[in-house]
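Student: I'm new to this structure. Could you take me through one part of it slowly?

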Amino acid sequence: MSAAAAYEALLAHAKETTLLASTAALLAWDQEVCMPKGAGDIRAEQLALLARLQHQRATDPRVGEWLAAAEADPYVQQDGDRAANVRGLRRDYDRATKLPAQLVAELAATESKAQQVWAEARSASNFHQFRPWLDRIVVLQQQKADCLKQPGQSRWDALADLYEPGMCAADLRALFAPLRERLVELRQRLTRGKAPDDAFSRIEIDEQKQEAFVRAVVTAMGFDFRRGRIDRSTHPFCTGTGGDVRLTTRFHKDNVLDALGSTMHEGGHGLYEQGLEPQHFGTPLGEAVSLGVHESQSRLWENHVGRSEGFWQWCWPIAEQHLGSACAQHSAASVHRAANVVAPGLIRVEADEATYDLHVMVRFELEQDLISGELGVAGVPERWNGLYREYLGLQVPDDRSGCLQDVHWSCGLFGYFPTYTLGNLYAAQIAAAAEKALGGLEALFARGNFATLREWLRRNVHRHGRRHTPAELCKLVTGAPLSSTAFLTHLERKLLPIYGLA
Ligand code: ZN
């Protein structure tokens, strides 16, 4: 087979694997959104079959042969698109084939059971119940890391690389240490200021009205409803890609700002997926580059757009139109302040923009020590509670609101949490680059112009797919390697005046 034919075979194979994966994703979406309760068993079988088929395709020895032929061909290597696709597919193939089938099966079985035990332990607020399962998961994750590890990588690095290619613990420590110091300082400083009145976020508003409101906002952001939908689920998420992107959101009777934030967040993920180049569908060039960069797109719309003054100038009449009497006694300015309240709490998913990353850093510390073996599983609650005192100034009263709050570890997601903070840092740095390139973004938002920013993101971030590594993309878009400077500047510039401290 010629190198050109091998490349074509590789791409055709990858495209079919993506179609299979997107079918599984659609079934998973259905499970969360509209599946009848009694269909759980058949759905589990359907998803397990699709996962098996995907794994078979991903590890098909022919892929290795096609890759070797394509890699040896100078023509493929000199062509930017082809070389990027071959690099991406090589990475995927190596990752899939490095793990023995026995270990993959044991991980899947253990994690599926561990999730159930975690849910029970969490509602009983009893870490002891979950402990033997976490013990087993840590051992399996260590074995997984040993299979994946490349020279120079620690075990934790090998796991983190699955979610953020090229990221390692040493780089994260260098990013996080000064960030943590400044965030703790900012948190303490804000306690001396005047907290905004957040009464607006506690008004009871009919869920249908809230839904009409958030739909109007996501439409203005430019989410394409001909190629996507928005529905409800307990935990908001975004799935699907290209021609069919599914967003979900949630509504609480008395927290319209939560619905707005969740919807804009998932909308930002959705715009990234809709901004990938359709002709590259099913290949690395048609896929998001990393979880951190994906999260940057959601955080950018949720925080840099949705919590800005300009946005609220545009949004307030829309809110009044949909939410009616709930808006009496409030104004664009007061709701902008209410959307920016900083209140350190115990629960990560409820955290505000200024303290969220401190929650992530607690998990980052613990994970590294668990995976390296320095910390035994039995020591998790004590260490967790100590770090919450140190970083957030909070006393953890029980395991439910402490180390049992997140599902991630029971699913075997180690090395995943830092992508949330990377998302915040990338978002701030990308937003600053957009401001520099376009100028006066808030004035555009105030006029309801979100297309200028969206199209800039599409050109500069979305359309590249996996052409560059996340670090290369960051440098290309913002002109500098990732740092916490833009994020801290953004927070201080916005929050200190709101708290009457500047
Ligand atoms: Zn997200």
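Tutor: Let's take a close look at the metal site and what goes with it. This is a predicted model, where local features need pLDDT of at least 70, side-chain atom pairs count only at pLDDT 80 or more, and totals for chains, interfaces and linings use all residues. Residues are numbered from 1 along each chain as its sequence is written, and side-chain values use heavy atoms, with hydrogens and water left out.

Start with the zinc ion: His265 (NE2), His269 (NE2) and Glu295 (OE) coordinate it at 2.1 to 2.2 Å. Donors here are N, O and S atoms within 2.8 Å of the metal (3.2 Å for Na, K and Ca), and since water is not among the atoms, sites may look incomplete. Along the chain, the zinc donors follow the spacing H-x3-H-x25-E. His269 sits in helix α11 (residues 256-275) and Glu295 in helix α12 (residues 291-305), so this pair ties together parts that are 26 residues apart in sequence. Helices, by the way, are DSSP runs (H or I, at least four residues), numbered from the N terminus.

Are these two buried or exposed? His269 counts as buried at 10% relative accessibility, and Glu295 is buried too, with a relative accessible area of 9%. Buried means under 20% relative accessible area, exposed over 50%, and partly exposed in between (1.4 Å probe, protein chains only).

Both of those helices also meet helix α19: its buried residues pack against α11 and α12, among others. Those buried residues of α19 (residues 451-460) are Leu453, Arg454, Trp456 and Leu457. Contact means heavy atoms within 4.5 Å.

Key: Helix = DSSP H or I, 4+ residues; strand = E, 2+ residues; numbered from the N terminus.
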